[in-house]
Amino acid sequence: MQSVAILGSTGSIGTQAIEVAQMHGIRVTALAANRSVDKLVEQAELLRPELLCIADESRYGELKEKAGGLGCKLLAGMDGLCEIASHESTDTLLNSVVGMVGLLPTLTAIDAKKPLALANKETLVAGGALVMDAAAKNNVPIYPVDSEHSAIFQCLQGNKRSQLKKIILTASGGPFFGKTKADLQNTTVEQALNHPNWSMGNKITIDSATLMNKGLEFIEARWLFDLTPDQIEIVVHRQSVLHSAVVYADDSMIGQMGVPDMKIPIQYALLYPDRLPCPTKPLSLTDYGQLTFAKPDYDTFDCLTACIKASEMGGSAPCIANGANEAAVAAFLARKISFLQIGELVTQSIQTLPISPLTCYEDVVKADRAARDFVAEKIAAM
Ligand code: MG
(Lines give C-alpha, C1' and ligand atoms only; values in the text may rest on other atoms or scores of the structure.)
Protein backbone atom coordinates (compact mmCIF):
# COMPACT_ATOMS: atom_id res chain seq x y z
CA MET A 1 0.00 0.00 0.00
CA GLN A 2 1.24 3.47 -0.86
CA SER A 3 -1.22 5.60 1.05
CA VAL A 4 -4.18 5.59 3.38
CA ALA A 5 -6.97 8.04 4.20
CA ILE A 6 -8.13 7.88 7.81
CA LEU A 7 -11.63 8.66 9.05
CA GLY A 8 -11.58 8.92 12.84
CA SER A 9 -7.89 9.87 12.94
CA THR A 10 -7.87 11.30 16.47
CA GLY A 11 -9.49 8.22 18.06
CA SER A 12 -7.73 5.21 19.50
CA ILE A 13 -7.61 3.26 16.20
CA GLY A 14 -6.78 6.36 14.17
CA THR A 15 -3.79 7.42 16.26
CA GLN A 16 -2.40 3.87 16.28
CA ALA A 17 -2.93 3.63 12.51
CA ILE A 18 -0.85 6.77 12.07
CA GLU A 19 1.93 5.16 14.11
CA VAL A 20 1.78 2.04 11.93
CA ALA A 21 1.71 4.13 8.73
CA GLN A 22 4.75 6.13 9.81
CA MET A 23 6.69 3.02 10.71
CA HIS A 24 6.11 1.47 7.28
CA GLY A 25 6.35 4.61 5.14
CA ILE A 26 2.66 4.63 4.20
CA ARG A 27 1.60 8.13 3.20
CA VAL A 28 -1.48 9.53 4.93
CA THR A 29 -3.49 11.49 2.37
CA ALA A 30 -6.52 12.50 4.42
CA LEU A 31 -7.47 12.90 8.07
CA ALA A 32 -10.93 13.31 9.53
CA ALA A 33 -11.99 13.72 13.14
CA ASN A 34 -15.33 14.13 14.82
CA ARG A 35 -14.71 17.18 17.02
CA SER A 36 -11.09 17.32 18.22
CA VAL A 37 -9.86 20.23 16.13
CA ASP A 38 -6.60 20.76 18.05
CA LYS A 39 -5.53 17.13 17.83
CA LEU A 40 -6.53 16.98 14.16
CA VAL A 41 -4.47 20.08 13.35
CA GLU A 42 -1.52 18.64 15.26
CA GLN A 43 -1.74 15.47 13.13
CA ALA A 44 -2.05 17.55 9.96
CA GLU A 45 1.06 19.59 10.82
CA LEU A 46 3.00 16.36 11.10
CA LEU A 47 1.55 14.46 8.13
CA ARG A 48 0.54 17.24 5.69
CA PRO A 49 -2.41 15.37 4.17
CA GLU A 50 -4.21 16.65 1.07
CA LEU A 51 -7.60 16.63 2.79
CA LEU A 52 -8.58 17.56 6.31
CA CYS A 53 -12.12 17.16 7.60
CA ILE A 54 -13.99 17.94 10.79
CA ALA A 55 -17.23 15.94 11.00
CA ASP A 56 -18.86 18.35 13.45
CA GLU A 57 -19.74 21.20 11.10
CA SER A 58 -20.03 23.71 13.93
CA ARG A 59 -16.24 23.48 14.35
CA TYR A 60 -15.40 24.22 10.72
CA GLY A 61 -14.66 27.87 11.49
CA GLU A 62 -12.19 26.83 14.17
CA LEU A 63 -10.55 24.38 11.75
CA LYS A 64 -10.20 27.11 9.10
CA GLU A 65 -8.62 29.43 11.62
CA LYS A 66 -6.13 26.85 12.93
CA ALA A 67 -5.31 24.86 9.78
CA GLY A 68 -5.72 27.58 7.14
CA GLY A 69 -1.98 27.84 6.49
CA LEU A 70 -1.27 24.12 6.11
CA GLY A 71 -2.16 23.82 2.43
CA CYS A 72 -4.75 21.09 3.00
CA LYS A 73 -8.21 21.23 1.46
CA LEU A 74 -10.52 21.76 4.43
CA LEU A 75 -13.80 19.88 4.63
CA ALA A 76 -16.66 19.42 7.08
CA GLY A 77 -19.60 17.19 7.88
CA MET A 78 -20.83 14.04 6.19
CA ASP A 79 -20.11 15.58 2.78
CA GLY A 80 -16.48 15.96 3.81
CA LEU A 81 -16.23 12.36 5.03
CA CYS A 82 -17.73 11.13 1.76
CA GLU A 83 -15.45 13.37 -0.33
CA ILE A 84 -12.46 11.72 1.38
CA ALA A 85 -13.99 8.27 0.87
CA SER A 86 -14.19 8.73 -2.88
CA HIS A 87 -11.30 11.16 -3.50
CA GLU A 88 -8.78 10.36 -6.24
CA SER A 89 -5.91 10.59 -3.73
CA THR A 90 -7.47 7.86 -1.55
CA ASP A 91 -5.84 4.46 -2.17
CA THR A 92 -7.30 2.68 0.83
CA LEU A 93 -9.83 4.07 3.28
CA LEU A 94 -9.44 3.28 6.96
CA ASN A 95 -12.88 3.87 8.42
CA SER A 96 -12.51 4.08 12.19
CA VAL A 97 -15.33 6.47 13.05
CA VAL A 98 -17.65 5.40 15.86
CA GLY A 99 -21.28 4.56 15.18
CA MET A 100 -23.81 4.42 12.39
CA VAL A 101 -22.41 7.67 11.00
CA GLY A 102 -19.71 5.55 9.32
CA LEU A 103 -22.12 3.78 6.99
CA LEU A 104 -22.43 6.39 4.24
CA PRO A 105 -18.64 6.93 3.92
CA THR A 106 -18.23 3.14 3.75
CA LEU A 107 -20.80 2.82 0.96
CA THR A 108 -19.26 5.82 -0.84
CA ALA A 109 -15.79 4.26 -0.73
CA ILE A 110 -17.11 0.97 -2.08
CA ASP A 111 -18.92 2.73 -4.92
CA ALA A 112 -15.65 4.47 -5.76
CA LYS A 113 -13.89 1.03 -5.68
CA LYS A 114 -11.62 1.95 -2.78
CA PRO A 115 -10.36 -0.97 -0.66
CA LEU A 116 -11.55 -0.63 2.92
CA ALA A 117 -9.85 -1.24 6.21
CA LEU A 118 -12.92 -1.39 8.39
CA ALA A 119 -12.89 -0.61 12.09
CA ASN A 120 -16.39 0.87 12.14
CA LYS A 121 -18.37 -2.21 13.18
CA GLU A 122 -21.68 -0.36 13.46
CA THR A 123 -21.84 0.10 9.69
CA LEU A 124 -21.86 -3.65 9.13
CA VAL A 125 -24.33 -4.14 11.96
CA ALA A 126 -26.73 -1.51 10.66
CA GLY A 127 -26.24 -1.97 6.94
CA GLY A 128 -24.44 -5.30 6.54
CA ALA A 129 -26.48 -6.52 3.57
CA LEU A 130 -26.02 -3.27 1.67
CA VAL A 131 -22.30 -3.07 2.39
CA MET A 132 -21.50 -6.68 1.51
CA ASP A 133 -23.65 -6.62 -1.66
CA ALA A 134 -22.01 -3.39 -2.82
CA ALA A 135 -18.52 -4.74 -2.02
CA ALA A 136 -19.20 -7.93 -4.00
CA LYS A 137 -20.65 -6.00 -6.93
CA ASN A 138 -17.71 -3.57 -7.06
CA ASN A 139 -15.14 -6.25 -6.26
CA VAL A 140 -13.86 -4.20 -3.31
CA PRO A 141 -11.93 -6.00 -0.56
CA ILE A 142 -12.84 -5.31 3.08
CA TYR A 143 -9.99 -5.90 5.53
CA PRO A 144 -11.30 -6.20 9.09
CA VAL A 145 -9.52 -4.12 11.74
CA ASP A 146 -11.50 -5.34 14.74
CA SER A 147 -9.07 -7.66 16.55
CA GLU A 148 -11.43 -10.66 16.58
CA HIS A 149 -12.36 -10.33 12.93
CA SER A 150 -8.77 -9.78 11.94
CA ALA A 151 -7.94 -12.99 13.81
CA ILE A 152 -10.64 -14.90 11.93
CA PHE A 153 -9.51 -13.36 8.64
CA GLN A 154 -5.93 -14.43 9.41
CA CYS A 155 -7.04 -17.98 10.28
CA LEU A 156 -8.87 -18.27 6.96
CA GLN A 157 -5.70 -17.64 4.93
CA GLY A 158 -4.48 -20.66 3.03
CA ASN A 159 -7.52 -22.81 3.79
CA LYS A 160 -10.69 -23.57 1.85
CA ARG A 161 -13.53 -21.33 2.91
CA SER A 162 -15.99 -24.10 1.95
CA GLN A 163 -14.45 -26.35 4.60
CA LEU A 164 -14.99 -23.90 7.44
CA LYS A 165 -17.30 -25.36 10.07
CA LYS A 166 -17.63 -22.52 12.55
CA ILE A 167 -15.80 -19.69 14.28
CA ILE A 168 -14.93 -19.07 17.91
CA LEU A 169 -15.40 -15.39 18.71
CA THR A 170 -13.52 -14.58 21.90
CA ALA A 171 -14.67 -11.99 24.43
CA SER A 172 -12.67 -10.49 27.28
CA GLY A 173 -15.83 -10.49 29.39
CA GLY A 174 -15.32 -6.82 30.18
CA PRO A 175 -14.89 -5.25 33.62
CA PHE A 176 -18.03 -6.95 35.00
CA PHE A 177 -17.22 -10.59 34.29
CA GLY A 178 -18.72 -12.82 37.00
CA LYS A 179 -21.18 -10.16 38.19
CA THR A 180 -24.94 -10.62 38.41
CA LYS A 181 -27.61 -8.08 37.58
CA ALA A 182 -28.04 -7.43 41.30
CA ASP A 183 -24.32 -6.59 41.54
CA LEU A 184 -24.62 -4.16 38.62
CA GLN A 185 -27.64 -2.23 39.86
CA ASN A 186 -25.66 0.85 40.91
CA THR A 187 -22.81 0.74 38.39
CA THR A 188 -21.32 4.18 37.79
CA VAL A 189 -20.04 5.62 34.52
CA GLU A 190 -16.50 5.56 35.95
CA GLN A 191 -16.72 1.86 36.81
CA ALA A 192 -18.07 1.01 33.37
CA LEU A 193 -15.28 3.00 31.68
CA ASN A 194 -12.55 1.01 33.44
CA HIS A 195 -11.74 -1.85 31.01
CA PRO A 196 -9.21 -4.50 32.13
CA ASN A 197 -7.36 -5.21 28.84
CA TRP A 198 -8.05 -2.66 26.14
CA SER A 199 -7.74 1.11 26.13
CA MET A 200 -10.46 2.51 23.86
CA GLY A 201 -12.92 5.36 23.36
CA ASN A 202 -15.90 5.83 25.70
CA LYS A 203 -18.61 4.35 23.48
CA ILE A 204 -16.81 1.07 22.78
CA THR A 205 -15.67 0.81 26.41
CA ILE A 206 -19.28 0.95 27.61
CA ASP A 207 -20.20 -1.53 24.85
CA SER A 208 -17.48 -3.82 26.23
CA ALA A 209 -18.89 -3.53 29.75
CA THR A 210 -22.42 -4.45 28.63
CA LEU A 211 -21.06 -7.07 26.14
CA MET A 212 -22.99 -5.16 23.45
CA ASN A 213 -19.62 -4.94 21.75
CA LYS A 214 -19.52 -8.72 21.44
CA GLY A 215 -23.10 -8.70 20.18
CA LEU A 216 -22.15 -6.16 17.51
CA GLU A 217 -19.12 -8.28 16.64
CA PHE A 218 -21.32 -11.37 16.35
CA ILE A 219 -23.41 -9.57 13.72
CA GLU A 220 -20.28 -8.10 12.09
CA ALA A 221 -18.76 -11.60 11.80
CA ARG A 222 -21.91 -12.95 10.18
CA TRP A 223 -21.65 -10.41 7.40
CA LEU A 224 -17.89 -10.40 6.94
CA PHE A 225 -17.56 -14.17 6.76
CA ASP A 226 -21.01 -15.11 5.45
CA LEU A 227 -21.97 -17.29 8.42
CA THR A 228 -25.24 -18.43 9.97
CA PRO A 229 -25.80 -17.53 13.66
CA ASP A 230 -25.30 -21.16 14.72
CA GLN A 231 -21.81 -21.12 13.18
CA ILE A 232 -20.59 -18.56 15.73
CA GLU A 233 -19.63 -19.59 19.25
CA ILE A 234 -18.81 -16.86 21.74
CA VAL A 235 -16.21 -17.81 24.35
CA VAL A 236 -15.12 -15.61 27.25
CA HIS A 237 -11.34 -15.49 27.40
CA ARG A 238 -10.20 -13.09 30.09
CA GLN A 239 -6.62 -12.58 28.96
CA SER A 240 -7.41 -11.36 25.40
CA VAL A 241 -4.48 -13.34 24.00
CA LEU A 242 -6.38 -15.69 21.68
CA HIS A 243 -8.10 -13.09 19.50
CA SER A 244 -10.49 -15.61 17.92
CA ALA A 245 -10.30 -18.96 16.15
CA VAL A 246 -11.88 -20.95 13.37
CA VAL A 247 -12.87 -24.62 13.23
CA TYR A 248 -12.63 -26.58 10.00
CA ALA A 249 -14.54 -29.67 8.87
CA ASP A 250 -11.89 -31.95 10.40
CA ASP A 251 -12.45 -30.25 13.78
CA SER A 252 -9.02 -28.66 13.68
CA MET A 253 -9.19 -25.37 15.48
CA ILE A 254 -6.82 -22.64 14.28
CA GLY A 255 -6.48 -19.49 16.32
CA GLN A 256 -4.51 -16.25 16.19
CA MET A 257 -2.73 -15.10 19.32
CA GLY A 258 -0.85 -11.96 20.27
CA VAL A 259 -0.66 -9.36 23.01
CA PRO A 260 -3.81 -7.24 23.25
CA ASP A 261 -2.57 -4.40 21.05
CA MET A 262 -4.63 -3.03 18.18
CA LYS A 263 -1.53 -2.16 16.16
CA ILE A 264 -1.28 -5.82 15.07
CA PRO A 265 -4.72 -6.02 13.42
CA ILE A 266 -4.41 -2.44 12.09
CA GLN A 267 -1.10 -3.29 10.48
CA TYR A 268 -2.40 -6.57 9.00
CA ALA A 269 -5.31 -4.69 7.41
CA LEU A 270 -2.98 -2.02 5.98
CA LEU A 271 -0.16 -4.31 4.83
CA TYR A 272 -2.13 -7.44 3.87
CA PRO A 273 -0.87 -9.98 2.92
CA ASP A 274 2.55 -8.91 4.27
CA ARG A 275 3.69 -9.46 7.84
CA LEU A 276 6.34 -6.97 8.89
CA PRO A 277 7.75 -6.05 12.31
CA CYS A 278 5.13 -4.29 14.43
CA PRO A 279 5.79 -1.80 17.25
CA THR A 280 4.24 -3.99 19.97
CA LYS A 281 5.45 -6.14 22.83
CA PRO A 282 6.05 -9.75 21.70
CA LEU A 283 3.71 -12.34 23.21
CA SER A 284 5.28 -14.47 25.92
CA LEU A 285 3.08 -17.46 26.68
CA THR A 286 5.08 -18.30 29.78
CA ASP A 287 4.53 -14.79 31.15
CA TYR A 288 0.81 -15.50 30.97
CA GLY A 289 1.20 -19.05 32.32
CA GLN A 290 -2.41 -19.94 31.70
CA LEU A 291 -5.25 -18.97 29.44
CA THR A 292 -8.86 -19.45 30.56
CA PHE A 293 -12.10 -20.00 28.64
CA ALA A 294 -15.71 -19.81 29.80
CA LYS A 295 -19.24 -19.52 28.48
CA PRO A 296 -20.78 -16.04 28.45
CA ASP A 297 -23.47 -15.14 31.00
CA TYR A 298 -26.44 -14.40 28.73
CA ASP A 299 -28.76 -13.55 31.64
CA THR A 300 -26.67 -10.74 33.08
CA PHE A 301 -25.52 -9.36 29.74
CA ASP A 302 -28.81 -8.99 27.89
CA CYS A 303 -27.30 -6.71 25.23
CA LEU A 304 -25.42 -9.74 23.94
CA THR A 305 -28.56 -11.85 23.99
CA ALA A 306 -30.50 -9.11 22.18
CA CYS A 307 -27.89 -8.89 19.41
CA ILE A 308 -27.95 -12.62 18.77
CA LYS A 309 -31.76 -12.50 18.71
CA ALA A 310 -31.66 -9.51 16.34
CA SER A 311 -29.23 -11.37 14.11
CA GLU A 312 -31.66 -14.30 13.91
CA MET A 313 -34.61 -11.97 13.26
CA GLY A 314 -32.72 -10.35 10.38
CA GLY A 315 -33.95 -7.36 8.35
CA SER A 316 -33.84 -4.12 10.31
CA ALA A 317 -33.54 -5.83 13.73
CA PRO A 318 -29.72 -5.50 14.06
CA CYS A 319 -29.92 -1.88 12.89
CA ILE A 320 -32.60 -1.18 15.51
CA ALA A 321 -30.57 -2.87 18.27
CA ASN A 322 -27.55 -0.78 17.28
CA GLY A 323 -29.46 2.52 17.10
CA ALA A 324 -31.13 1.86 20.45
CA ASN A 325 -27.74 1.07 21.97
CA GLU A 326 -26.06 4.21 20.59
CA ALA A 327 -28.85 6.33 22.09
CA ALA A 328 -28.87 4.40 25.38
CA VAL A 329 -25.08 4.58 25.82
CA ALA A 330 -25.15 8.34 25.20
CA ALA A 331 -27.88 8.64 27.85
CA PHE A 332 -25.89 6.51 30.30
CA LEU A 333 -22.75 8.60 29.76
CA ALA A 334 -24.90 11.70 30.35
CA ARG A 335 -26.07 10.02 33.59
CA LYS A 336 -29.72 9.98 32.49
CA ILE A 337 -30.22 6.20 32.76
CA SER A 338 -28.65 3.39 34.77
CA PHE A 339 -26.17 0.86 33.44
CA LEU A 340 -28.73 -1.97 33.38
CA GLN A 341 -31.24 0.16 31.51
CA ILE A 342 -28.98 0.08 28.44
CA GLY A 343 -29.70 -3.64 28.01
CA GLU A 344 -33.37 -3.20 28.83
CA LEU A 345 -33.80 -0.51 26.17
CA VAL A 346 -31.94 -2.49 23.51
CA THR A 347 -34.03 -5.60 24.25
CA GLN A 348 -37.30 -3.66 24.25
CA SER A 349 -36.45 -1.93 20.97
CA ILE A 350 -36.28 -5.16 18.97
CA GLN A 351 -39.31 -6.59 20.79
CA THR A 352 -41.46 -3.50 20.19
CA LEU A 353 -40.51 -1.86 16.89
CA PRO A 354 -41.65 -3.34 13.56
CA ILE A 355 -38.90 -5.25 11.72
CA SER A 356 -38.68 -4.70 7.96
CA PRO A 357 -36.21 -5.57 5.20
CA LEU A 358 -33.41 -3.07 4.48
CA THR A 359 -33.03 -2.53 0.75
CA CYS A 360 -31.40 0.89 0.57
CA TYR A 361 -29.49 3.41 2.68
CA GLU A 362 -32.71 5.35 3.45
CA ASP A 363 -34.24 2.18 4.96
CA VAL A 364 -31.26 1.92 7.31
CA VAL A 365 -31.53 5.58 8.31
CA LYS A 366 -35.27 5.15 8.98
CA ALA A 367 -34.81 2.07 11.17
CA ASP A 368 -31.95 3.74 13.04
CA ARG A 369 -34.05 6.88 13.61
CA ALA A 370 -37.01 4.81 14.87
CA ALA A 371 -34.75 3.06 17.39
CA ARG A 372 -33.28 6.35 18.68
CA ASP A 373 -36.76 7.91 18.93
CA PHE A 374 -37.98 4.84 20.79
CA VAL A 375 -35.18 5.19 23.36
CA ALA A 376 -35.73 8.95 23.71
CA GLU A 377 -39.46 8.43 24.33
CA LYS A 378 -38.79 5.68 26.90
CA ILE A 379 -36.30 7.88 28.73
CA ALA A 380 -38.66 10.88 28.66
CA ALA A 381 -41.37 8.69 30.23
CA MET A 382 -39.11 7.43 33.06
MG1 MG B 1 -13.15 -6.34 19.00
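This is a predicted model: local features need pLDDT of at least 70, side-chain atom pairs count only at pLDDT 80 or more; totals for chains, interfaces and linings use all residues.
I started with the second largest pocket, which comes out at about 240 Å³.

The residues are M132, A135, A136, N139, V140, P141, I142, Y143, P144, F153, L224 and F225. I then looked up which elements give two or more residues to the lining, and got α6 (121-138), β7 (142-144) and α11 (212-225).

How many cavities of 30 Å³ or more does a search of the whole structure find? I got 2.

The largest cavity has a volume of about 60 Å³. Around it I listed L184, T210, T300, F301, D302, C303, F339, L340 and G343. Two or more residues of that lining come from each of α14 (302-313) and α16 (339-352), and α16 gives the most, with 3 residues. By class I noted 5 nonpolar, 3 polar and 1 charged for the largest cavity.

Last entry: the second largest cavity, holding about 50 Å³ of space. I found 10 residues in its lining, and those nearest its centre are S147, H243, Q256, I264 and P265. Which element supplies the largest share of this lining? That is α7, with 3 residues. Both α7 (147-156) and α12 (263-271) supply at least two.

Methods
Residues are numbered from 1 along each chain as its sequence is written. Side-chain values use heavy atoms; hydrogens and water are left out. On a 1 Å grid over the protein atoms alone, a cavity is a set of points where a 1.4 Å probe fits but cannot get out, and a pocket is an open set with protein on both sides within 12 Å along at least five of seven lines; lining residues have an atom within 4 Å of a point. Grid points are joined across faces, edges and corners, and a volume is the space filled by probe spheres set on the points. Helices (H or I, at least four residues) and strands (E, at least two) are DSSP runs, numbered from the N terminus. Ala, Val, Leu, Ile, Met, Phe, Trp, Tyr, Cys and Pro count as nonpolar, Asp, Glu, Lys and Arg as charged, and the others, Gly among them, as polar.
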